[in-house]
Amino acid sequence: MKKRFISCLLLLSLSLGNAASAAQLHALIKDQNGKPLADAVVLATPQDNKNIVLQKRHEMDQIDKEFIPHVKVVTAGSMVHFPNKDNIRHHVYSFSPAKVFELPLYSGASALPVLFDKSGPVVLGCNIHDWMLGYIYVADTPYFGKSTEDGKVLISNMPAGEYTVRVWHPDMKATEQSTLRTVTLEAAKDADMEWQLAVKPVFKIPRASGSSSAAYR
Ligand SMILES: [Cu+2]
């Protein structure tokens with residue numbers, strides 16, 4: 001009885017110890033003019049990466065003829081559903097090396113989920129609405145984050161150790177590889193990193209005017 005109590009205490013202190021020793025990484029992403037950059041993906045890969053595959057269900061919505069969110073990060077091995085929340089049909093596709101797929105014209109939630117098992121960026125388009133553009137970044141590490149409007153990213157619950165960290169953004173001029181840096185995270189401490197990414201100007205394809213246009217329904 002006593003022995004069991006002690007092992008319980010031991011377990012408790014071990015798990016508390018893990019939580020307390022976790023590190024976190026704060027990243028700040030700016031563009032070439034020093035302006036905070038949203039939708040940048042920061043990926044931290046532990047040196048002893050065991051290629052942890054987290055299978056999760058994700059959704060990339062289509063709302064008001066746009067992909068919502070604009071950029072979504074999932075881990076390799078994830079299934080992504082593409083629910084169409086508009087009252088018209090969409091035809092979602094990608095020609096990206098990380099995932100080539102097509103969901104022929106559908107409405108509602110009738111399209112089958114898509115498995116993303118290869119890491120890298122996947123550019124999404126819609127055959128009917130040329131301006132619809134979205135991105136799924138398939139991460140090879142569970143330690144990732146996406147920058148908000150203030151350019152900030154927080155990755156928490158990271159075990160102490162050495163990581164290689166890189167950044168990806170849909171409009172970046174440089175390669176993802178050129179952003180690569182290493183960082184050693186100490187237990188229970190926060191680390192700060194900052195990147196300045198040159199981005200290309202974005203030319204948005206104009207939306208079809210008026211919902212009465214038969215060609216775009
Ligand atoms: Cu569409």
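## A hairpin to start

A hairpin links strand S8 to strand S9 through two residues. Helices (H or I, at least four residues) and strands (E, at least two) are DSSP runs, numbered from the N terminus. S8 covers residues 90-96 and S9 covers residues 99-106; they pair in the antiparallel sense over six bridges. Two strands count as paired if DSSP finds at least two bridges between them. Val92 stands opposite Leu103 in S9.

This is a predicted model: local features need pLDDT of at least 70, side-chain atom pairs count only at pLDDT 80 or more, and totals for chains, interfaces and linings use all residues. Residues are numbered from 1 along each chain as its sequence is written.

## Overall make-up

The protein has one helix and 17 strands. Of its 217 residues, 27% are buried. A residue is buried if 20 or more other C-beta atoms lie within 10 Å of its own, exposed if 12 or fewer, and partly exposed in between, with C-beta atoms placed from the backbone.

Contacts reach across the sequence. Among contacts with a separation of 6 or more, 64% join residues 24 or more positions apart. Two residues are in contact if their C-beta atoms, placed from the backbone, lie within 7 Å.

Axes are lines fitted to C-alpha atoms, for helices over the stretch in contact, and angles run from 0 to 180 degrees between N-to-C directions.

S2 pairs with S15 (residues 161-168) in the antiparallel sense over six bridges. Within that pairing, Ala44 has Val165 in S15 as its bridge partner.

## The three-stranded sheet

Another open sheet has three strands in the order S3-S7-S10, and its pairing is mixed. S3 (57-59) and S10 (114-116) are the edge strands; each pairs on one side only. Here neighbouring strands are turned by 35 degrees against each other on average, direction ignored.

S3 and S7 (residues 78-81) run parallel and are joined by three bridges. His58 stands opposite Val80 in S7. Strands of a sheet pair through backbone hydrogen bonds, either parallel or antiparallel.

## The largest nonpolar core

The largest nonpolar core holds 41 residues, and Val41, Val42, Ile136 and Tyr137 touch the most other members. Strand S12 (residues 133-139) supplies the largest share, five residues. At least three core residues come from each of domain 1 (22-48 + 143-204) and domain 2 (53-140). Domain bounds come from an automatic or database domain assignment. A nonpolar core is a set of buried Ala, Val, Leu, Ile, Met, Phe, Trp, Tyr and Cys residues joined through C-beta atoms within 7 Å. In soluble globular proteins, nonpolar side chains tend to be buried together.

Which residues does Val41 contact, leaving aside its neighbours within four places in sequence? They are Val71, Val73, Tyr137, Phe144, Lys146, Val167 and Trp168.

## Ala139 in strand S12

Ala139 lies in strand S12. Is Ala139 buried or exposed? Ala139 counts as buried because it has 20 or more neighbours, namely 21 C-beta neighbours inside 10 Å.

Leaving aside neighbours within four places in sequence, Ala139 is in contact with Leu43, Val73, Val74, Thr75, Ala76, Ser119 and Phe144. Ala139 and Lys118 are 21 residues apart in sequence and 8.4 Å apart in space, C-alpha to C-alpha.

## Backbone exceptions

Most residues other than glycine have a negative phi, and most peptide bonds are trans. Asp39 has a positive phi, near 65 degrees, and is not a glycine. Asp39 sits in the loop between strand S1 (23-31) and strand S2 (41-46). With 20 C-beta neighbours inside 10 Å, Asp39 counts as buried.

Asp64 also is not a glycine, and its phi is positive at about 50 degrees. Its place is the loop between strand S4 (61-63) and S5. Asp64 has 9 C-beta neighbours inside 10 Å, so it counts as exposed.

The peptide bond from Ile68 to Pro69 is cis, with omega near 0 degrees. Pro69 lies in the loop between strand S5 (66-68) and strand S6 (71-75).
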